[in-house]
Amino acid sequence: MNMFEVQNTGHGDYIVYYITDYIEKLNLSDEIDGLLLKSEFHVSLVKFPDGFVTNNLRAKLNEASKNAAKYLQQPRLTGQFLRAKNDARNLESIIGLVEVPGLDNWRQAIESVAGAIDFSVPHVTLYTKQPNAGIPLNSQAEFDERVCELDDSTSEALAQSL
């Protein structure tokens, strides 16, 4: 999979920023609160609505995204960790919020091609209940509906790994 290009993951069309190398350098435990550390880490920069990306639009988005990627700097965890839940699918995960310097410029480039888009809150899924089974948080509404605070001891344990 190519970073900064539209990819169809089987769950829709996304553009992602891979940060596995960065996360693997942290001192994260293999398990926390009964959740398992993922094996791949990325920040979903945008998920497009189903059926939105045509072949013609895909080429334009890929060009705009790759050109604007020069504005982006390596995402970094902010130190704020949260729990995400999807009770209907029996999924649970722990996410870390990330700061992505230059993200506003990148988003403007994407919107210049795609129009107004509902971007996701910048985060990385660190731990999941089922191996590598994250919870879609592709918009502010999904984030608000599915995310809650972690207990203090889990949050502090994660913060110490930074």
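Contact means that heavy atoms lie within 4.5 Å of each other. The legends below describe a predicted model, in which local features need pLDDT of at least 70, side-chain atom pairs count only at pLDDT 80 or more, and totals for chains, interfaces and linings use all residues. Residues are numbered from 1 along each chain as its sequence is written, and side-chain values use heavy atoms, with hydrogens and water left out.

**View 1. The surroundings of Lys38.** Lys38 touches Thr125, Leu126, Thr128 and Asn132, leaving aside residues up to four places away in sequence. Its place is the loop between strand 4 (35–37) and strand 5 (42–48); strands (E, at least two residues) and helices (H or I, at least four) are DSSP runs, numbered from the N terminus. Lys38 is buried but has no salt bridge. Here buried means under 20% relative accessible area, exposed means over 50%, and partly exposed lies in between (1.4 Å probe, protein chains only). A salt bridge is a side-chain nitrogen of Lys or Arg within 4 Å of a carboxyl oxygen of Asp or Glu. Which side chain of opposite charge is nearest to Lys38? That side chain is Glu40, 4.1 Å away; Lys and Arg count as positive and Asp and Glu as negative, while His and the chain ends are not counted. The backbone oxygen of Glu40 lies 3.3 Å from a polar atom of the Lys38 side chain.

**View 2. The salt bridge of Asp13 and Arg58.** Side chains of opposite charge can pair when their charged atoms come close. The structure holds eight salt bridges, and one of them joins the side chains of Asp13 and Arg58 at 3.4 Å, N to O. Because Asp13 lies in strand 2 (residues 13–18) and Arg58 in helix 2 (residues 55–68), the pair ties together parts that are 45 residues apart in sequence. Asp13 is buried, at 8% relative accessibility, whereas Arg58 is partly exposed, with a relative accessible area of 22%.

**View 3. The salt bridges of Arg83.** Asp33 and Arg83 form a salt bridge whose closest N and O atoms are 2.8 Å apart. Asp33 belongs to the loop between strand 3 (31–32) and strand 4, and Arg83 to strand 6 (residues 76–86), so this pair ties together parts that are 50 residues apart in sequence. Arg83 is buried at 10% relative accessibility, while Asp33 is partly exposed at 41%. The side chain of Arg83 also meets that of Asp151 in a salt bridge (3.9 Å, N to O). Asp151 sits in the loop between strand 9 (147–149) and helix 5 (152–160), 68 residues from Arg83. Through shared partners, salt bridges join Asp33, Arg83, Glu92 and Asp151 into one network.

**View 4. Strand 7 and its partners.** How many of the nine residues of strand 7 (residues 91–99) are buried? Eight of them are, and the strand is mostly covered. Strand 7 pairs with strand 6 in the antiparallel sense over eight bridges; two strands pair if DSSP finds at least two bridges between them. Phe81 stands opposite Gly96 in strand 7.

Terms used. A polar contact is a pair of N or O atoms within 3.5 Å; within protein, one must be able to donate a hydrogen and the other to accept it, and residues adjacent in sequence count only if both atoms are side-chain atoms.
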